[in-house]
Amino acid sequence: MDEALNRKLRILADAAKYDASCASAGAKKRKAGPNGLGSTSGNGICHAYTPDGRCVSLLKILLTNYCLYDCAYCINRRSSNVERARFAVNEVVRLTIEFYKRNYIEGLFLSSGIIRSADYTMEQMILVAKKLRKDEGFAGYIHLKTIPEASPWLIEQAGLWADRLSINLELPTQESLKAYAPEKDSASITRAMGQMGERIAESRAEKSRHARKFAPAGQSTQVIVGADATNDADMLATSARLYDSYALSRVYYSAFSPIPEASSALPAKPPPLQRENRLYQADWLFRYYGFAVDEIASGGEGGMLDLEIDPKLAWALKNRDRFPVDVNMADREALLRVPGLGVRAVDRIIAARRHATLRLDDVARVCAGLKRVRPFIIAADWRPTAETDRADLRQRLAPQPTQLSLF
Ligand code: SF4
């Protein structure tokens, strides 16, 4: 790769790293041996999960980090004193194909600062995807960041070439958006999400095998956590509304990280990283475990999630009257609320109890650890005693600081 292109890649991959909406995951570094191909390290390579659960490596870059807008929280904002660069459309196509052939990546995540106009920028990004698909026959994964102010026709085009589209909400409330990103318009964001949501649903309902699919991997968004004063309850209520109204595949929570020469309106320190983790756990609870948002986070604690224990355990400890739950009798909804039992474990319990009365050992076989489950269940040979039910249960079940808690 020539020096000029290498410089652009360094700048524009670094500028893209703040965007979590492609599901960057902390995959371990992996490098092929002398006879192999591929590596998970290198400029701008991140990881994302496809709808069928595969982890794919993506080239994650911006088309340019020049931007007409001046969003206070963004390193690429107009007033930011950063080194700027811009890829030509053909350069992104070339990089993607070269990296793909070398087995470094399986797809592309492309975002951009806004140059000239929303439409012009969107056209350039669409051109990259179209060239990859039409000229290069590229069948890999493409995720395009959509610019909400772009015309509906361009958003339609983007969805026909990309697997996934996303629009970053960035800030969870209209007031915060006004304060920190005054050039952005929350109405345009929700309008574009609405358009994409309708087209995705329409496309999924289309039975013809010949019809072109619109964003088959759905749409996602990112919300920054801790840049403004929004509490977790309001953040989760916003996410629940987005899932319901626009059929989003994912809302990504990205802990605010202070940027160089940041606006004085922004906090000097990032929020605790655990806050981001707890929001993801809470998000799963209302999407897959039947919890309502106000059961998980409410005004009672200032609307903030407990950082020490996961939200499911926090709910169970506050609602001891709902336990113990009999694993041989309880319905699926009640079992899903037991700390330590995930969706798969619950389904396996329900399948197994059709053939036998379950004992504690049977439950142990389907869950990750009995310690968290035991105080909350009844089995054929088990009922919590005063010993397991002691007042210091929270302390005994709270993970050690280095331990990640499991549902
Ligand atoms: S429009 Fe996007 S790239 Fe431009 S300053 Fe705002 S967040 Fe940053």
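Me: Let's start with L110. Which residues does L110 touch, leaving out those up to four places away in sequence?
Reply: L110 touches I61, L63, V92, M125, V128, L144 and K145. Contact here is defined by C-beta atoms, placed from the backbone, that lie within 7 Å.

Me: Before I go on, what kind of model is this?
Reply: This is a predicted model, where local features need pLDDT of at least 70, side-chain atom pairs count only at pLDDT 80 or more, and totals for chains, interfaces and linings use all residues. Residues are numbered from 1 along each chain as its sequence is written.

Me: Thanks! Which residues touch the most other members of the largest nonpolar core?
Reply: L12, L110 and A129 do, in a core of 102 residues. A nonpolar core is a set of buried Ala, Val, Leu, Ile, Met, Phe, Trp, Tyr and Cys residues joined through C-beta atoms within 7 Å. Buried is defined as 20 or more other C-beta atoms within 10 Å of the residue's own, exposed as 12 or fewer, and partly exposed as in between, with C-beta atoms placed from the backbone.

Me: Which helix gives the most to this core?
Reply: Helix α3, residues 118–135, with 6 residues. Helices (H or I, at least four residues) and strands (E, at least two) are DSSP runs, numbered from the N terminus.

Me: And why does the core lie between the two domains?
Reply: Domain 1 (3–215) and domain 2 (311–397) both give residues to this core, so it lies between them. The domain bounds come from an automatic or database domain assignment.

Me: Back to α3. Which of its residues are buried?
Reply: T121, M122, Q124, M125, I126, V128, A129 and L132 are buried in α3. The buried residues of α3 pack against α2 (89–101), β3 (107–111), β4 (141–145) and α4 (152–161).

Me: What span should α3 have, and how far apart are its end C-alpha atoms?
Reply: At 1.5 Å a residue, the 18 residues of α3 should span 26 Å, and the end C-alpha atoms are 25 Å apart, which agrees. The expected span is 1.5 Å times one less than the number of residues in the helix.

Me: New topic: which residues are around the ligand?
Reply: They are C67, Y69, C71, C74, N76, R77, G113, I114 and A181. A residue counts as near if its C-beta atom, placed from the backbone, lies within 6 Å of the molecule.

Me: Now the backbone. Which peptide bond is cis?
Reply: The one from F323 to P324, with omega near 0 degrees. P324 is in the loop between α10 (311–318) and β8 (325–326).

Me: What about the phi of N103?
Reply: N103 has a positive phi of about 70 degrees although it is not a glycine. Most residues other than glycine have a negative phi. N103 is found in the loop between α2 and β3, and N103 is partly exposed, with 13 other C-beta atoms within 10 Å.

Me: And A215, buried or exposed?
Reply: A215 is buried, with 27 other C-beta atoms within 10 Å. A215 also has a positive phi, about 35 degrees, although it is not a glycine. A215 lies in the loop between α6 (186–205) and β6 (219–225).

Me: Last one: how many helices and strands are there in the protein chain?
Reply: There are 15 helices and 9 strands in the protein chain. Of its 407 residues, 40% count as buried.

Conventions: Two residues are in contact if their C-beta atoms, placed from the backbone, lie within 7 Å.
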